[in-house]
Amino acid sequence: MKHFLDIHQTDPADLRSIIDNAATMKASRLGRPRGAPDDDQPLKDHMVALIFEKPSTRTRVSFDVGVRQMGGQTMVLSGADMQLGHGETIADTARVLSRYVDLIMIRTFEEATLLEMAEYASVPVINGLTNRTHPCQIMADIMTFEEHNGPIKGKKVVWSGDGNNVFASFAHAAKAFDFELVFTGPQTLDPEGALNGLYTTERDPNKAVEGADLVVTDTWVSMHDPQSARERRHNQLRGYQVNDALMAKAKPDALFMHCLPAHRDDEVTSSVMDGPSSVIFDEAENRLHAQKSVMRWCLGK
Ligand code: CP
Ligand code: NVA
């Protein structure tokens, strides 16, 4: 069973071929309407369940469109509306869904929910974000970096802000794709200990971004963080905002990424988001292409 649960649980050679295939598939669609079917229809006759226990714009739309382009059908399910949200076990849900669909994508809170779904499903399961990781996002980000600035191997990536779930998948990717990753943020929001050894820390953001090929940030308050922490987090993270002065310290051709949704003028200024270094909308688009390739890999198509 080829689940796509996390970057570090997937063979680096498979990750590379997923990205390369995504680029080929993207190129083959150039200029076509978004709803036009792919020529080869690899998901013909396939049914895909997309389960969301948290809000989503990009993940939801990109998976849905991607499945349709490949000739499959989708059902988008809200966790709260399923029996899953009313006491049915994850294991039973996984066994039942496996009788109806060929592939399950789930966005959830606890990583344990994803892992239990994968353990009991008899069809592939894809991680569409948990409190701990967001691997599909980072596949799109690697693809985007390489489209603009060539191979990411050996490059310097700097993360400024909260050591959160998106950072964790970057840390896994640093090992798999062999790039340098620097975390800059307050000690109180350091990444989880399990990621130690995959990145280095530099508390001074100005020093951290020196020589960076890519600067990345994310929201200061994630969906799983209590809203009560908002003010405290803003106070802790204010000095880590990505702005023009910070970007000026990176390499002249450095890119800026943000998985979105962004809070303009909190973690990043509008001038950077809309400026020449920013590839944020390419990242969003590449969610579609990267995930199509992930789904094909899962299904052996
Ligand atoms: N980046 C991302 O996963 O966006 P959504 O929350 O809109 O899916
Ligand atoms: N870190 C963010 C990412 C959203 C795509 C969150 O988990 O809310």
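Modeller: The bounds come from an automatic or database domain assignment, with domain 1 as 7-133 + 287-299 and domain 2 as 135-283. This is a predicted model, where local features need pLDDT of at least 70 and side-chain atom pairs count only at pLDDT 80 or more, while totals for chains, interfaces and linings use all residues. Residues are numbered from 1 along each chain as its sequence is written, and chains are lettered from A and ligands numbered from 1 in the order in which they are written.

Colleague: How many residues does the contact take from domain 1 and from domain 2?

Modeller: Contact means C-beta atoms, placed from the backbone, within 7 Å. Domain 1 gives 26 residues and domain 2 gives 18 residues. Helix H1 (12-28), H2 and H11 each supply at least two residues on the domain 1 side; helices here are DSSP runs (H or I, at least four residues), numbered from the N terminus.

Colleague: And which residues of H2 are buried?

Modeller: Buried means 20 or more other C-beta atoms within 10 Å of a residue's own, with C-beta atoms placed from the backbone. In H2 those are Thr59, Ser62, Phe63, Gly66, Val67 and Gln69. Down the axis of H2 they fall within an arc of 160° (directions from the helix axis to the C-beta atoms), so they line one face of the helix.

Colleague: What follows H2?

Modeller: Gly71, with a positive phi near 95°.

Definitions and conventions. A residue is buried if 20 or more other C-beta atoms lie within 10 Å of its own, exposed if 12 or fewer, and partly exposed in between; C-beta atoms are placed from the backbone. Two residues are in contact if their C-beta atoms, placed from the backbone, lie within 7 Å.
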